[in-house]
Amino acid sequence: MIGWIILALLILFVAVLMVRTAAFKPKAEPAVPVTDEKIDEAKTVSNMQALIRCRTVSYTDKSKEDNSEFDKLEKLLPTLFPNVFAKCTFVKPGPRSLLFHWKGKSDAKPGVLMAHYDVVPVDQDSWSKPAFDAVLENGVLWGRGTLDTKGTFLGVLQSADTLIGQGFVPANDLYLAFAGDEEIAGTGAPTIVKWLSEHHIEPAFVLDEGGAVVDNVFPGVSQSCAVVGTGEKGQVNVRFSVSSKGGHASTPPAHSPVGILAKAVARVEDHPFPFHLSAPAAEMFDTLGRRSTFLYRMIFANLWCFKPVLNLLCKKSGGELNALVRTTVAFTQMQGSAANNVLPPEAWVGANLRLNTSENVDAALAYLKKVIHDDRVKLEPVYASNPSRESRTDDEPFQRLSTAIRGTWTDAVVTPYLMIACSDSRHYGVLSDHVFRFSAMALSKEERGLIHANDERIPVTTLVKTVAFYQRLIKMC
């Protein structure tokens, strides 16, 4: 009798899984009209080349920066985008802050379009072409910043300049906001946010860099995916250190500072932070899981049952999938003694933590301390920022953005996701609960790998589509 009951329950369990999986289908989406956006390709390329040739490299050590290159870019803008300067009010809330106010028909629902114009340093010897010469070859434009983010910087300004020239007036005020020190987590964006707050501007939406149109990033999904960051992980750099009296290496203690640290590092790596499905990640799994193969659809349709399986899958795979569901720890630096035969008075390792939305800096440090369980290991946060506010996706601002994306990349499915990197947009959470992160480009895995790397470059066709996207979006604002 008990056997029959168990069999019946098992059949019922499997039936529930199958029914839920069968019902887990893509949600219906309204058709999107594809407007014909006329783009001046020659001007787009020429303007982009001019921006690339400005060596706006930002450094934490300000003595290494060339301020004349930042001044050069600022002075170029009125020439490159004359209609923007003729129509928009321009202010500089801070030394590395550029803010344009494009007056619309109403100021009730203002929008903010963002980008940053600083770039990371270059090891020129490792580049195939000069990083700041803006070489155009075989339809591809080479140069530092083409992908991160002078491409979107150009996209915003070029589209605005074109539409202003056509006599277009947006339905609502638009603010074009650009920072020149995003790569070093500088003051550019915070000073703009402060200015907006002081002038009582509450953005109905904010759009910054973030996800892109990508392929083969989600298990079992073959369709192109436009991933829009609706939340952003925080980060903290932590210095793990152990002190000692030092001494000669011929008479070492039972446990040296390096050995104690090695054990601490191993314990942290062997005890990952807990699995937590944030709202942006949950929405991504729901949206893309419906388009996946049967096995993955069954998992994502029945997370009430298979969450441990997903947790294990993410742990084993590592990389982006794992980073979506937990706080990650990457050990990146280490230092001990200056000589091979001397015990170090202090040894330390550095780690970069990316905080899931379930954690803040204090909670993450407490977890590390608990896992290490050794008071000899000192934990010191060096730089820290908590996770961003999560943005809404159930109303008009996200739908409008989705429409502009689908009108530009017609074969892509739009999905929220949790951005695992950091951007200037995190500062805007105090002003708006509609802060979105989407770099308006279709990028291959190889192209994504060029961000911050050698030989950064962008196809002209990609750049033209970026401008077309912003034109579509602005027309809906």
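Is Thr287 buried or exposed? I looked it up, and Thr287 is buried, with a relative accessibility of 18%. Buried means under 20% relative accessible area, exposed means over 50%, and partly exposed is in between, with a 1.4 Å probe and protein chains only.

**Entry 1: ground rules**

I am working with a predicted model, where local features need pLDDT of at least 70 and side-chain atom pairs count only at pLDDT 80 or more, while totals for chains, interfaces and linings use all residues. Residues are numbered from 1 along each chain as its sequence is written, and side-chain values use heavy atoms, with hydrogens and water left out.

**Entry 2: the whole protein**

I noted 15 helices and 17 strands in the protein. Both are DSSP runs numbered from the N terminus: helices are H or I with at least four residues, and strands are E with at least two. Along the principal axes, the C-alpha atoms fill a box of roughly 75 × 75 × 50 Å.

I found that buried residues are 51% of the 477 residues.

I then looked at contacts, meaning heavy atoms within 4.5 Å. Of the contacts between residues at least 6 apart in sequence, 82% join residues at least 24 apart.

For charge, I noted 50 positive and 51 negative side chains, with the centres of the two sets 5 Å apart. Lys and Arg count as positive, Asp and Glu as negative, and His and the chain ends are not counted. Each charge is placed at NZ of Lys, CZ of Arg, CG of Asp or CD of Glu.

**Entry 3: Thr287 again**

I located Thr287 in helix H8, residues 279-289. A polar atom of the Thr287 side chain lies 2.8 Å from the backbone oxygen of Glu283. A polar contact here is a pair of N or O atoms within 3.5 Å; within protein, one must be able to donate a hydrogen and the other to accept it, and residues adjacent in sequence count only if both atoms are side-chain atoms. Leaving aside neighbours within four places in sequence, Thr287 is in contact with Val413, Val414, Thr415 and Pro416.

**Entry 4: two serines**

I found Ser425 in the loop between strand S15 (413-419) and strand S16 (435-442). Ser425 counts as buried at 1% relative accessibility. Its side chain makes a polar contact of 2.9 Å with the side chain of Arg437. Beyond four places in sequence, Ser425 touches Met114, Asp208, Glu232, Val435 and Arg437.

Ser241 lies in strand S9, residues 234-243, and counts as buried at 4% relative accessibility. The residues that Ser241 touches beyond four places in sequence include Leu261, Glu346 and Trp348. I also looked up Val19, which is 222 residues from Ser241 along the chain; their C-alpha atoms are separated by 54 Å.

Asp40 is in the loop between helix H1 (2-23) and helix H2 (41-52), and is partly exposed at 46% relative accessible area. A polar atom of the Asp40 side chain lies 3.1 Å from the backbone nitrogen of Lys43. Val467 is 427 residues from Asp40 along the chain, and the two C-alpha atoms are separated by 9.7 Å.

Arg400 is in helix H13, residues 396-408, and counts as buried at 11% relative accessibility. Outside the four places on either side in sequence, I listed Phe205, Leu473, Met476 and Cys477 as residues that Arg400 touches.

**Entry 5: backbone angles**

Which peptide bond is cis? I noted the one from Asp148 to Thr149, with omega near -20°. Thr149 lies in the loop between strand S5 (140-142) and helix H5 (150-165).

Ala185 is not a glycine, yet has a positive phi of about 50°. Ala185 is partly exposed, with a relative accessible area of 37%. His373, also not a glycine, has a positive phi of about 55°, and counts as exposed at 68% relative accessibility. I found His373 in the loop between helix H12 (361-372) and strand S14 (378-385).
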